[in-house]
Amino acid sequence: MLRKIWAITKKNILMYYLKGPVVIFGVLFPLFLFLAFYIGRSLSAEFLIPGLLAMTLFFTSTSVSPVIMPWETQMKTLERLISCPITVRTMIFGDILASFIFGIIISIVPVVIGMVMGVGVKAPLTLGAAIIIGAFAFSSLGLLFSTIPTDLVSNVMMLSNLVKFPLIFISGIFIPVSELPDWGVAVASLSPLTYFTDIARFSIEGYAFYPLYLDFLLLIASAVLFLVLAVKLHERTLVRRF
Amino acid sequence: MEAIAVENLSKSFNGLKAVDRVSFSVHEGKIFGFLGPNGAGKTTTVRILTGVIEPDSGKASVLGFDVVKETLKAREKIGVVPEAANAYPDLSVWKNMMLTAALYGIERREAESKADELLGVFGISERKDSRVKTLSKGMKQRLMLSMALVSDPELLFLDEPTSGLDVASARIIREKIMELSREGRTIFLTSHNMEEVSMLCDRVGIINHGRIVAVERPGDLRDRIGGSLAVEVEFDRKVDLTGFPDVKARGNRYVLYTTDAHDTICSIVDFASRNGLRITGLNLHAPSLEDVFLKLTGGESDA
């Protein structure tokens with residue numbers, strides 16, 4: 001099974017991820033969004049880098065994974081793929097793994113930007129663990145978006161953006177959770193991105209709003225929940241693509 | 001032994017019966033042709049047999065494996081060229097072959113050797129580093145067949161494998177199908193090409209509106225229709241031949257099935273004289289598989 005998962009991962013990397021526009025978009029989009037917020041405000045680099053890292057990891061891990069299924073349905077490659085002796089789970093794990101690798105690699109960019117700006121990582125192991133779990137959780141979330149049995153990429157992108165953009169604004173990236181009103185904290189606690197951002201702030205700024213164990217626990221719980229839902233829903237909806 | 005056994009298989013989409021209590025069997029080592037007009041249920045049947053979709057009711061087994069309960073075991077033994085399916089356009093021919101081999105769990109060295117051999121057989125070795133999107137339709141279809149054969153399957157499902165191909169590509173594929181059959185492999189073939197089905201298949205199943213209307217040898221099917229002869233006549237304009245029994249119109253040409261060619265031809269000549277028609281063509285031949293198909297499906301033109 002592992003060999004088959006890796007075969008699908010390699011296929012996805014070659015077909016969808018190793019494209020100039022995808023890589024450039026993965027780095028530039030969060031950067032520009034962040035600069036739009038940053039320019040004109042006197043914020044420290046230490047505050048900025050965790051947010052940029054969270055946004056980069058979130059956007060890259062959820063950028064391509066939602067559109068693989070509709071693309072493959074449209075290209076008529078999906079039927080050939082599932083005629084092979086593989087399960088839906090194998091396919092989902094292959095898709096998640098490609099997105100996971102892409103997310104982790106691209107997330108190095110904001111860390112390097114931080115280093116160039118003189119921002120060090122105080123807890124590198126904690127940050128590394130958070131990046132791994134976060135990349136997995138957000139990749140699974142991406143796969144969850146693609147459970148709608150459509151071959152229209154635009155439909156999936158619309159749903160994906162409808163969820164992704166509000167999450168960016170409620171997850172302590174632009175405004176720390178500690179500065180939010182009570183209702184804001186309640187809303188932020190619903191977003192898995194909040195917990196990743198909190199761990200990133202702890203690793204770089206040395207301060208976290210939630211207890212670290214709670215951040216990890218809820219991030220892992222989100223990853224498991226998204227993965228189980230993605231697998232179950234894809235198993236139900238895959239046949240409706242034909 | 002039966003390579004495929006289908007019993008009372010049914011499948012509906014949004015209340016519409018795509019496959020309705022279909023039953024047939026395919027013997028091991030035989031080529032089975034599956035014909036039907038567009039929307040008759042051919043592709044749905046193939047998708048159920050290859051485990052892509054599940055039936056609503058009925059049973060189907062492939063090489064002894066239940067297609068619903070033992071889908072993966074069945075898929076390990078079969079090769080599939082789905083209708084209108086594509087290889088990955090941005091991957092090279094070689095990478096597509098290696099991907100398929102990996103998905104069948106074939107070891108790298110064995111996969112490379114098999115891929116080399118198959119690309120050579122199908123005449124696309126020199127394009128193995130080309131991206132699939134740069135190949136012609138015929139080459140793409142040869143690649144699809146190579147991918148289906150990389151696992152050395154005992155049973156092949158070929159859904160319209162020569163549809164829309166150039167003569168050379170279609171010929172290579174037909175020759176390979178015959179060779180695979182000689183090697184003892186079972187082939188389930190859907191096709192629009194009557195001549196192809198007639199030439200390749202040991203038995204033919206005809207499906208219409210989701211129901212099987214005939215499963216027989218091509219020769220037996222020909223004998224099954226009303227007369228043993230077909231009189232084909234062409235007039236200088238369209239006419240109404242409803243007065244004649246058992247007639248099918250194809251533009252200005254009409255095919256009349258009869259057991260008495262003399263009487264039928266005399267009636268046609270008489271009809272032409274009475275209506276001031278000019279007979280521009282007249283042929284007498286045994287009914288073709290196409291005639292059988294048109295008769296059994298009520299004249300719907302697509303197979």
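How much area do chain A and chain B bury between them, and what share of it lies on carbon and sulfur atoms? In this predicted model, the two chains bury about 2600 Å² between them, with 63% of it on carbon and sulfur atoms; buried area is the accessible area (1.4 Å probe) that two parts lose on being put together, summed over both. Arg3(A), Arg80(A) and Pro85(A) are the residues of chain A that lose the most area to chain B, together 27% of what that side buries. The interface brings 25 residues of chain A into contact with 29 residues of chain B, where contact means heavy atoms within 4.5 Å.

Because the model is predicted, local features need pLDDT of at least 70 and side-chain atom pairs count only at pLDDT 80 or more, whereas totals for chains, interfaces and linings use all residues. Residues are numbered from 1 along each chain as its sequence is written, chains are lettered from A and ligands numbered from 1 in the order in which they are written, and side-chain values use heavy atoms, with hydrogens and water left out.

Chain B contains 10 helices and 14 strands; helices (H or I, at least four residues) and strands (E, at least two) are DSSP runs, numbered from the N terminus. Its C-alpha trace spans about 75 × 45 × 35 Å along the principal axes. Of the 303 residues in chain B, 53% are buried, a term that denotes under 20% relative accessible area, against over 50% for exposed and partly exposed in between (1.4 Å probe, protein chains only). Among contacts in this chain between residues at least 6 apart in sequence, 67% join residues at least 24 apart.

One open sheet of chain B has four strands in the order β2-β1-β4-β5, with antiparallel pairing; two strands pair if DSSP finds at least two bridges between them. Strands β2 (16-27) and β5 (65-66) of chain B stand at the edges with a single partner strand each, so one side of each has no neighbour in the sheet. Within this sheet, β1 (residues 2-13) and β4 (residues 57-62) of chain B are joined in the antiparallel sense by five bridges, and Glu7(B) lies opposite Lys59(B) in β4(B). Helix α1 (residues 42-49) of chain B packs on the sheet and touches β1, β2 and β4 of chain B, its direction making about 120 degrees with that of β1(B). Axes are lines fitted to C-alpha atoms, for helices over the stretch in contact, and angles run from 0 to 180 degrees between N-to-C directions.

Six bridges connect β11 (residues 229-235) and β13 (residues 253-258) of chain B in the antiparallel sense, with Val255(B) in β13(B) as the bridge partner of Glu232(B).

Strand β8 (residues 186-190) of chain B is largely enclosed by the rest of the structure, because five of its five residues are buried. Thr186(B), Phe188(B) and Thr190(B) cover one side and Ile187(B) and Leu189(B) the other, and all are buried. The strand pairs in the parallel sense with β3 (residues 31-35) of chain B over four bridges, Phe32(B) being opposite Phe188(B). Five bridges also join β8(B) to the parallel strand β7 (residues 155-159) of chain B, where Leu158(B) stands opposite Leu189(B). From β7(B) the chain passes through helix α6 (residues 167-182) of chain B to β8(B) in a right-handed β-α-β crossover; with the strands pointing away from the viewer, such a path from the first strand over the helix to the second runs clockwise. Arg174(B) belongs to helix α6 of chain B and counts as buried at 19% relative accessibility. Not counting residues up to four places away in sequence, Arg174(B) touches Thr162(B), Asn193(B), Glu196(B), Met199(B) and Leu200(B).

In chain A, Thr194(A) is placed in helix α10 (residues 192-205) and is buried, with a relative accessible area of 0%.
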